[in-house]
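Here is a short report on a protein and the DNA strands beside it. Look through the sequence and the 3D view before reading on.

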2 protein chains.
Amino acid sequence: MYTISEVAEKTGIKPHTLRYYEEEGIMQSERTPSGIRRYTEQQVGWLRFILKLRETNMPVSQIKQYTHYVKEGDHTALDRLHLLEVHMQNIQQQMAELRETEAMLEKKVKMYKEMIHTTDTLK
Amino acid sequence: MYTISEVAEKTGIKPHTLRYYEEEGIMQSERTPSGIRRYTEQQVGWLRFILKLRETNMPVSQIKQYTHYVKEGDHTALDRLHLLEVHMQNIQQQMAELRETEAMLEKKVKMYKEMIHTTDTLK
DNA sequence: ATACAAATTCAAGTGCACTTGAAGTCAAGC
DNA sequence: GCTTGACTTCAAGTGCACTTGAATTTGTAT
């Protein structure tokens with residue numbers, strides 16, 4: 001079992017943010033008798049999972065929805081599948097936009113390099 | 001020359017947001033004698049360009065920096081090149097994260113599909 | 001026991017990128 | 001010439017995802 005600062009260390013997420021995630025209902029923790037948070041390996045695994053969702057811009061509200069389904073049990077499998085599939089489409093959309101802009105920038109960068117090279121050789 | 005609402009129509013950006021971009025110094029417009037905005041084809045082209053930067057999460061502050069360089073003239077070509085190259089790296093980083101999460105979700109989706117199928121056939 | 005770093009809760013604040021509102025000006029159609 | 005809708009400026013508000021602060025309690029090391 002890990003303390004909040006150990007988990008913060010392991011994952012790069014601040015203790016404050018971990019408490020905020022718990023407030024928001026997307027993270028869980030155990031508590032010592034005096035009320036201090038302790039995290040199981042599984043809970044850290046869950047954190048890593050939801051961080052991947054956040055990194056790819058799934059809103060906290062949707063992660064919350066997914067988390068609720070998980071808590072409700074196996075009969076929500078179809079709903080979970082649906083959420084994940086929608087997010088995958090979202091990811092594919094994001095990649096398409098990134099690729100497009102990358103291509104545009106490649107051209108522009110090439111232009112700038114030629115321009116700078118030309119200027120240099122005239123000096 | 002286009003009016004603000006024509007540009008809004010063409011690009012999907014609200015008139016209000018166009019004025020905000022001008023405030024922020026990342027867009028330009030001409031004015032009629034009475035002070036109403038008119039956009040040249042070039043200005044619309046610039047808008048489309050900065051929208052691609054925004055879509056790929058370049059902060060408005062950096063776009064502003066780039067815009068200033070453009071206004072300053074050719075001697076800033078190297079600085080502009082640098083900004084674009086940094087943003088391209090940023091894009092590549094974003095794509096890497098998206099691909100990683102996509103791979104993870106593909107596995108999870110497959111698992112859910114198998115699980116649901118198994119449950120179905122037991123009914 | 002005592003010091004002190006780290007934990008707790010609850011509330012308020014921050015930064016970004018818009019968005020909305022209020023109050024007024026302008027221009028084209030009837 | 002008057003209405004109507006689009007335009008203007010300037011300021012305040014919104015939503016998201018944290019972040020910071022204040023006041024208090026807890027746990028470990030001397």
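How far does a polar side-chain atom of Thr17(B) lie from a phosphate oxygen of DNA strand C? The distance is 3.3 Å.

## About the model

This is a predicted model: local features need pLDDT of at least 70, side-chain atom pairs count only at pLDDT 80 or more, and totals for chains, interfaces and linings use all residues. Residues are numbered from 1 along each chain as its sequence is written, chains are lettered from A and ligands numbered from 1 in the order in which they are written, and side-chain values use heavy atoms, with hydrogens and water left out.

## DNA strand C

Tyr21(B) places a polar side-chain atom 3.0 Å from a phosphate oxygen of DNA strand C. Two elements give two or more residues to the surface near DNA strand C: α1 (4-11) of chain A and α2 (15-23) of chain B. Here, helices (H or I, at least four residues) and strands (E, at least two) are DSSP runs, numbered from the N terminus. The top contributor is α2(B), with four residues.

In total, 16 residues surround DNA strand C. A residue counts as near a strand if one of its heavy atoms lies within 4 Å of it. Ser5(A), Arg19(A), Arg37(A), Ser34(B) and Arg54(B) are the closest. The surface holds six nonpolar, five polar and five charged residues. In this scheme, Ala, Val, Leu, Ile, Met, Phe, Trp, Tyr, Cys and Pro are nonpolar, Asp, Glu, Lys and Arg are charged, and the others, Gly among them, are polar. Which parts of the DNA face the protein? Of the atoms of DNA strand C within 4 Å of the protein, 76% belong to sugar or phosphate, and the rest belong to bases.

## DNA strand D

DNA strand D is surrounded by 19 residues. The closest are His16(A), Ser34(A), Ser5(B), Arg19(B) and Arg37(B). By class, seven are nonpolar, seven polar and five charged.

Several side chains of chain A reach phosphate oxygens of DNA strand D. For Arg54(A), the distance from a polar side-chain atom is 2.9 Å. For Tyr21(A), it is 3.0 Å. An N or O atom in the side chain of Thr17(A) is 3.3 Å away. At least two residues of this surface come from each of α2 (15-23) of chain A and α1 (4-11) of chain B. The most come from α2(A), with four.

## The shape of chain A

Chain A has five helices and three strands. Their order along the sequence is β-α-α-β-β-α-α-α. The radius of gyration (taken over C-alpha atoms) is 22 Å, well over the 14 Å that the globule rule gives for 123 residues, so chain A is more spread out than a compact globule. That rule is 2.2 Å times the number of residues to the power 0.38. The C-alpha trace spans about 75 × 35 × 20 Å along its principal axes.

Of the 123 residues in chain A, 41% are buried, that is, under 20% relative accessible area (1.4 Å probe, protein chains only).

## The nonpolar core

In soluble globular proteins, nonpolar side chains tend to be buried together. Here the largest nonpolar core has 66 residues. Such a core is a set of buried Ala, Val, Leu, Ile, Met, Phe, Trp, Tyr and Cys residues joined through side-chain atoms within 4.5 Å. Leu47(A), Ile50(A), Leu18(B), Tyr39(B), Leu47(B) and Ile50(B) touch the most other members.

Take Ile50(B). Beyond its neighbours within four places in sequence, Ile50(B) is in contact (heavy atoms within 4.5 Å) with Tyr21(B), Ile26(B), Met27(B) and Ile63(B).

Key
Polar contact = N/O pair within 3.5 Å; in protein donor to acceptor, adjacent residues only side chain to side chain. Buried < 20%, exposed > 50% of the residue type's maximum accessible area, 1.4 Å probe, protein only.
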